[in-house]
Amino acid sequence: MRRNEFSIEEQEEIRSFLEQQSFGYLGTVGEDGAPEITPLNYVYVEDHLYFHGSKVGQKMANLRSEKRVSFAVAEEVALIPSYFTDPHFACPATAFFKSVLIKGEARVLEDPERKAQVLSAFMKKLQPEGGYDPFSLEDPGYVSRIKAVAVVEIAVHELTAKFKFGQNLDQAKHEHIRQKLQERGLPGDEEAARLMAHFRKA
């Protein structure tokens with residue numbers, strides 16, 4: 001489903017997912033025209049996606065020649081074995097997951113103040129307990145570091161999402177799988193059962 005087709009509630013679900021996750025996959029085009037994938041940390045702030053890293057390297061070289069990029073974020077919540085619903089055939093085996101695919105345009109931030117704001121957002125997300133001096137251009141120790149790092153903004157041009165939690169199952173099968181998840185009790189099962197009920201109502 002594309003972004004302009006989302007309801008307000010669905011938009012909030014997607015925004016919350018992107019803000020909670022911290023790891024995704026950047027898709028760029030190499031100099032030889034081949035697609036390349038780079039796993040990296042990111043933050044999602046005010047409907048833009050940001051990542052940071054060295055000013056040199058393959059992904060930065062790719063961005064200099066082609067600013068159009070893709071970015072994928074996914075979370076597998078629970079595996080659903082075939083025998084939950086069929087004692088003989090493997091076909092019903094599946095997974096419940098959330099995924100978002102973004103297509104957009106990347107630009108390297110040059111403004112030190114904006115870079116400091118984005119890096120602060122990274123630290124609040126990845127190290128919420130603190131334990132560091134806040135980013136400030138008044139701090140000489142940060143000025144050179146902020147200047148040395150590349151901070152890249154991705155403007156989102158297109159966003160598609162899929163949250164799969166048995167929405168299309170008939171009522172009996174839906175309830176049966178929810179019960180099986182609750183009985184199994186593996187990591188993620190309780191959350192998958194909760195999301196099954198949540199998206200069924202939605």
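**Reading the backbone, a helix and its charged pairs**

Analyst: Let us begin with a single residue in this predicted model. At 64% relative accessibility, glutamate 46 counts as exposed, because the cut-off for exposed is over 50%. Glutamate 46 belongs to the loop between strand 3 and strand 4.

User: What is the phi of glutamate 46?

Analyst: The general idea comes first. Most residues other than glycine have a negative phi. In this structure, glutamate 46 is not a glycine, yet its phi is positive, at about 50 degrees.

User: Which value does phi take in aspartate 47?

Analyst: Aspartate 47, also a residue other than glycine, has a positive phi near 65 degrees. Aspartate 47 is placed in the loop between strand 3 and strand 4. With a relative accessible area of 34%, aspartate 47 is partly exposed.

User: How should I read a salt bridge, and which residue meets aspartate 47 in one?

Analyst: In general, side chains of opposite charge can pair when their charged atoms come close. Here the side chain of aspartate 47 meets that of arginine 15 in a salt bridge, at 3.5 Å from N to O. This pair links distant parts of the chain, for aspartate 47 is in the loop between strand 3 and strand 4 (48-53) while arginine 15 is in helix 1, 32 residues apart.

User: With which glutamate does arginine 15 form a salt bridge?

Analyst: Arginine 15 forms a salt bridge with glutamate 12, and the closest N and O atoms of the two are 2.7 Å apart. The general idea to bring in is that an α-helix has 3.6 residues a turn, so residues three or four places apart point the same way. Arginine 15 and glutamate 12 both lie in helix 1 and are three residues apart, about one turn of the helix. Arginine 15 is partly exposed at a relative accessible area of 25%, and glutamate 12 is partly exposed at 45%. Taken together, Glu12, Arg15 and Asp47 are linked in a network of salt bridges.

User: How many salt bridges does the structure hold?

Analyst: The structure holds six salt bridges. One of the pairs joins glutamate 66 to arginine 68, with the closest N and O atoms 3.1 Å apart. Glutamate 66 is partly exposed, at 21% relative accessibility, whereas arginine 68 is exposed, with a relative accessible area of 58%.

User: Let us return to helix 1. Which of its residues are buried?

Analyst: A residue is called buried because its relative accessible area is under 20%. In helix 1, the residues Glu13, Ile14, Phe17 and Leu18 are buried. They lie on the same side of helix 1, because they cover an arc of only 125 degrees around the axis. The face turned away from this buried side carries the exposed residues Ile8 and Gln20.

User: Against which elements do the buried residues of helix 1 pack?

Analyst: Their partners include strand 3 (43-45), strand 5 (68-80), helix 3 (112-126) and helix 6 (189-201). As for its dimensions, helix 1 (residues 8-20) has 13 residues and reaches 18 Å from its first C-alpha to its last, close to the 18 Å expected at 1.5 Å a residue.

User: Finally, which residues form a nonpolar patch on the surface?

Analyst: Phe23, Tyr25 and Ile37 form that patch, with about 320 Å² of accessible area together. Of these, tyrosine 25 lies in strand 1 (residues 23-29) and is partly exposed, at 42% relative accessibility.

Methods. Residues numbered from 1 in each chain as written. Predicted model: local features only at pLDDT ≥ 70, side-chain atom pairs only at ≥ 80, totals over all residues. Heavy atoms only, no water. Patch = residues over 30% accessible without salt bridge, like charges linked within 9 Å, V, L, I, M, F, W, Y side chains within 5 Å. Areas by Shrake-Rupley, 256 points an atom, 1.4 Å probe, with all protein chains shown as cover. Salt bridge = Lys/Arg side-chain N within 4 Å of Asp/Glu carboxyl O. Helix = DSSP H or I, 4+ residues; strand = E, 2+ residues; numbered from the N terminus. Buried < 20%, exposed > 50% of the residue type's maximum accessible area, 1.4 Å probe, protein only. Expected span 1.5 Å × (residues − 1). Arc of directions from axis to C-beta. Contact = heavy atoms within 4.5 Å.
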